[in-house]
Amino acid sequence: MILSDCFHEEEENEAPVKAKRIKPDAGEEEEVVYHPVKLSRNDLYRPPTAEELNQLKEAESLFHCSLLKMQGIIVCVYVQCLTHLLDQLSFQKVSDLSWLSGTVKVPFLLLPKITKGKFHMAPPASIDLIGSYPLGTCTKPHVMVDLAVTIPADVLHPKDVVNQRYPRKRALYLAGLAQYLTSSSDIGTMRYSCLHGNRLRPVLLLTPPDKNSSSFTVRVHACPPPGFFKPSRFHPQRNNIRTEWYTGLQTSHSGKIPPTPHYNSSVLGDLLPRAHLQFLSAISSQCSAFADGVALLKVWLRQRELNQGTGCFNGFLASMLMAYLLTTHRISNTMTAYQLLRNSLNFLEFHSAFQVVFVDPSGHLNMCADMTACTYMQLQHEASVSMQFWDNPTVDGFHSLLMTPKPMIRTSDHVFQLCELVKLQSSCKKLNLLSELMDHSGNYIHTALPFILSLLQQGLDQRIQLLTHSLSPDPEWSVESEAPKYKAQPPLSFGLLFRPELAASVLERGPPADSPKAAEFRQLWGLRSELRRFQDGAITEAVLWDGESMCQKRLVPKQIITHLLQLHADIPESCVRYVGAMVDDVIKSGSEVPSTGEEKSLAVVQSYDDLSRKLWRLEGLPLSITAVQGAHPALRYTQVFPPKPLKMDYSFFDKEKTCRSLVPKEGKPCPAYITPITVICHMEGSGKWPNDRLAIRHIRAAFHIQLGELLRKHHKYTCRPCPTHLDVWKDGLVFRIQVAYHREPQVLRESVNPEGLLVVRDNEEAQALEMATIHKPLLTSTLHGLQQQHPCFGAVCRLAKRWLGAQLFTPLLRFNHVGFLRFLHLLSSFDWKNNPLVVNLNNQLIAADYTEIKNGFMASRESLPVMFIATPKDKKLSMWTRRAPNVQMLQRVMMVAAESLKVLEQQLMDGNQIQDVKVVMRPPLEVYDAVIHLNPKQVPLLSQAVDPPSVTFSRGVMTGSAAQSGGSLPVIDYNPVSLYLAELREAFGDLALFFCDPYGGTVIAVLWKPKAFSPVPFKTSQVSARSVKVTGDEANTVPNVEAILEDFQIMGKGLVKSVEARTEKWSF
C-alpha cells in the first residue's frame, strides 16, 4: 500500500446522513416545571433493565461517555436548526461580487484575478452529515461536526474543473452562506478555514451562540452534486490549469502540457465524501470495535502532531487505513480496539513505500496526494518506536503511547526553521518549478517544500536517520477578513534525528576524481568541494567543514543546511533559524575555542587512567591494591563545568614553607576554585586489619602517607597526605585518593552492649561511608559506560544539573538521569506519589523485577522517600533521594519544571520572543523572605554564572597549557560561598531554608520556616537568636529577626556585600 493526497479529513470523508428539518412551532409551549421523583429503596437499587443496559453500552462504546452522548443530542438539534435556516435561502442572480455585503469576504486568493464562468446564489440542493461524527469516531478536545452542503447543479458548469473555476465558485457559495447566516441568532461566531491547509478547499466554521460554543464546531463544506463531474477528468496525468491562463502569456502548443495532479485530487476530493461515509459505515457495522480503534489511532496521531495541517495523516486516513486492513483480512472483525491499534501500527512500521499513495475505494482518488515522503517516513518511525514500547513488558505502553505528547522539539536532536517564507518564491524560480506552482495554485511554500526536503536528504545523507518537517496549520480567519497570504503562516520547522557516530564528522568524502559521480558531487556542493589526497593514497572529492571543539562539530549539520539552501534554493542564511544548540550556552566556556566540556572531561578521564595505572604498579605497599575506582562527576561526564588543567601564577600567592603549599596574598580576590577529583583505592583484605574503627582510620592514614611518598619518589608528584585522603597534584589537576577497606562499614555498624553482646545496627556514618566507597564508584562506572553508548548523555545531564542549580534546587535533588526537555517533562508530569521511577541501567531489570519494585513500593509507601528512584542495585530504599527533597520542595520543583518546559519550548520554537533561552535559568527571587548579596570578588566560580558580569578578576591562574606535575600545591577545594552556606545552615537551619546557585551564584535566598516563628516556652538552653516576650506569668521566646539578619552580615564579613530584608513577604 502506498499513501498520498487529496482527501477529505477524518470528519468529512465518510458518508452522508440526511439532517432532519424542523418546522417552526406555531406558538410557544407552556413552561414545564419538573419536580424530583422520590424512589423507594427497592426502586433505587433494583437491577437495570435490558433497555437501560443497552443505553449504557451505547454510551460506553459509541460515545465513550454519557457526557459526550448528551453533547451529541445538542449537536443534532443545532444541525437541524442550521438546516432549516439554509433551506430558506432566497434565489438571487449575480454576475459579480456586488451582491456580497461589504463585511463578508470571499475565502479565496484570486490569483490570477480573472477566470471565465458565471455564478449565482441559490439554496443548497441537500445538506448531509458526513465525517467522523455520524461514525462515532470523533475525539475530544476538538469535536468537529462536518456538514456537506450540496451546491445546486444549475450554479455549476461541467467545464468548471478548468482554471480554478469550480474552487472559486465553491468559495463564493461559502461566502454567500456566511452572509445569509450573519443575521441568524442561532449562529455564534463564524470563521473561515481550509481543509488540511488546502487553499483550494475553504470551509466555514460555525459555533453555537450559547455556553455550548466551545464544546463542538460545525464545519460546512460546499460540494458539487454527486456525479456532476466525470472522475476521468481528474486523472493524475491530466491538465486542468492552462499555462496561458495562469501566466497571462501566450505559449506554443507544441510543448508538453504539464499535468496537475494536486489540483485534480483537490477537486476530486469534493465528489466522494458521501461514498466514503457509506463505505466506512458498512465496515463499522461489521466490526464492533472499529469506532474505538479509530479513536485510539487518532489520539496516537494527535500526540505526535501528525493529524493536523497540510499533508497530515488525518483521522479520515486513519479510518480508511483500518478499513483497508479489515477488508484485506489483515485484521479481524472480532479484535478489540487495542488489538486494532496495535496491528495498524505494526502495518505502518513494516510497510515501505517510495511514493505516498493511498487509493480510495473508487480507485480514482489518491487520498494522500499532499503528504510528503518525509511525513510518511516519520509516521513509520513513530509506529516502529511505538511497537517497541508495546512489546516491552517493563514499560507502561498505554501512558507512553496515548497520554504523552511528543512535539517536534522533544523528539528531534536538532530543529531549524525557515523564516521569511516569501523567499521561497525565488526558490521556485531558481528550481524552475512553474509547472508545480500551477499545480499548487500559486502556493509557493507547498511547491518548494518537497524539493527542499529532497535537497536536505541528499546533503545530510548518512548523518541522519530521519528528516521531519512541521505541517502547516489550518489557517482560520474571520468571514469579514480577506484570505491570508501564503507568507502569513508560521515558519516551517524541520527536525533532524541523527546517527551519533556520523553526525559530527567534519569531512564529507566524495567519489574519486575520475569517477562519473564526481561531477554530481561537485554540482551538489559547489565551491566547497575540492580534491584532497588521503593517507590511504586515494585522491577524491571532499568537503571539509569548520569545527574544532565538540560543540562546534555538533553544528556541522547547520553549515551543510545553510550552504545547500543558499546554493540551490536561493535562501539566505539569515532566513535559517537553527535551534539545535541554543541552550548549550549555559554550559559553554572558553573564549578562543568555545567548548561545552567534552574535551575537558576527556582530559580528566585520560589523566585519571594514567594515575590509575601508576597506582596499580606501585611496589613497596604492605597490602596490594585490589581496585582503583573514580567517584567524581567529571569521570562520568556529568560535571556541569569539568575541571580544567591549570597553570598557577605564583606572584598571586605566598608559599607556605613546611608543606610547600600556596597561600593567597592579603587583599587578593578569592583564588580559582580547584575541585579535587575523588579516587577510591581499595586495599586487599587481610587479618592484619584491626576490628576497631579508630584503628582502621589510623591504618588508612598510614596508607595515605606511604602512597604519597611512593608517588613523589617514582613520579615526582606533589602530594599532601591527610588522615582522610591524599591530594595529588598532577597535570594541572588535583586527585584526592581515599583508601578504602571493604569491612569498615560493617565495623561501624557493630557495637558491644553493656551485657557484652555484639550488636549490629545501621547508622548514618556507615551509610555515608558505603555511599562514598561503594555506591558512587559503581554509579561512576555505570554512567561512564552509558556515555560511551550515548555520546549526548553527558551534555544533556549537565544541562539538567545546571538548571537545577540556577533555580536554587541543587541541595534538594541529587540525580543524573534523562535529558533536558524530556527531563523537565518527566520531572513535572511524573506521578511521584503513586509510582516509583525505575531506571533500568544496562537493562539489568526484567519484568519480574519491575513487579517486585512496584509491589514493594506500594506496601511501604509511607516510609519511603517522596521521590522514589529504583535502580538494579537499589530496588527498595532509593538511597539517592532518601534525605531530599521533601514534599513541599518536590511540589515546588515540579511547578517550576512545568513552567520552565513551557517557556523554553516557546523560546526555542518562536523566533519573535524578546528574551533569550536563559530565561528558564533565572530564578524568581520575589518569593523569598530575604536575599543575601555576595561580593563577586570573593565568588571563585563567578565565570560560570548564567549571566556572568563583564568585569573579571584575576584569580592566580595563567593562560596557556597546564604546567607539568610537581611544584607547589595550590589552594584546593576552597569555595567561601559553600563554606558560608554550610555555616548558615548549621546555625539557623531550624529557622530558615537557604538556597544558592553553586555555579557562580552571587545571591543566597532565605526562606523562613513558618513553624519556627511560633512562640515557645522560655528555656535557658534555647535562647540563641531568640528574644523573650513576657505576657502575664508566661515567658516565651521568638526568633529575633533583626539580630539574625545582622548575624548573616557578621558571619560573612568580607564575602557578604549586603542583606536585603523583604519584610513585606513576612507573615509570622
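This is a predicted model: local features need pLDDT of at least 70, side-chain atom pairs count only at pLDDT 80 or more; totals for chains, interfaces and linings use all residues.
In which sense, left-handed or right-handed, does helix 27 pass helix 29? The crossing is left-handed, a term used when the near helix is turned anticlockwise from the far one by less than a right angle, with right-handed meaning clockwise. Helices (H or I, at least four residues) and strands (E, at least two) are DSSP runs, numbered from the N terminus. The axes of helix 27 (residues 820–829) and helix 29 (residues 887–909) come within 8 Å and cross at roughly 145 degrees; axes are lines fitted to C-alpha atoms, for helices over the stretch in contact, and angles run from 0 to 180 degrees between N-to-C directions. Helix 27 contributes F820, L821, L824, H825, L827 and S828 to the contact, and helix 29 contributes V893, M894, A897, A898, S900, L901, L904, E905 and L908. Contact here means heavy atoms within 4.5 Å. By class, 11 nonpolar, three polar and one charged residues take part, where Ala, Val, Leu, Ile, Met, Phe, Trp, Tyr, Cys and Pro count as nonpolar, Asp, Glu, Lys and Arg as charged, and the others, Gly among them, as polar.

Residues are numbered from 1 along each chain as its sequence is written, and side-chain values use heavy atoms, with hydrogens and water left out.

The pLDDT, the predictor's confidence in each residue from 0 to 100, averages 83 over the protein chain, and 86% of the residues score at least 70. Confidence is lowest in strand 2 (residues 92–93), with a mean of 38, and highest in strand 21 (residues 676–683), at 94. Over residues 58–70 the pLDDT is below 50, and this stretch has 19 contacts in the model beyond near neighbours in sequence.

The protein chain holds 31 helices and 36 strands. Of its 1068 residues, 51% count as buried, meaning under 20% relative accessible area, with exposed over 50% and partly exposed in between (1.4 Å probe, protein chains only). Among contacts between residues at least 6 apart in sequence, 73% join residues at least 24 apart.

Strands pair if DSSP finds at least two bridges between them; strand 34 and strand 35 (residues 1034–1039) pair over six bridges, and S1027 has V1038 of strand 35 as its bridge partner.

G708 lies in helix 23 (residues 693–715) and is buried, with a relative accessible area of 1%. Not counting residues up to four places away in sequence, G708 touches C719 and L726. The C-alpha atoms of G708 and V728 are separated by 7.7 Å, although the two are 20 residues apart along the chain.

Some backbone details also deserve a look. Most residues other than glycine have a negative phi, and most peptide bonds are trans. The bond from K140 to P141 is cis, with omega near 10 degrees, and P141 sits in the loop between helix 4 (132–135) and strand 5 (143–150). E305, not a glycine, has a positive phi of about 55 degrees and is partly exposed, with a relative accessible area of 45%.
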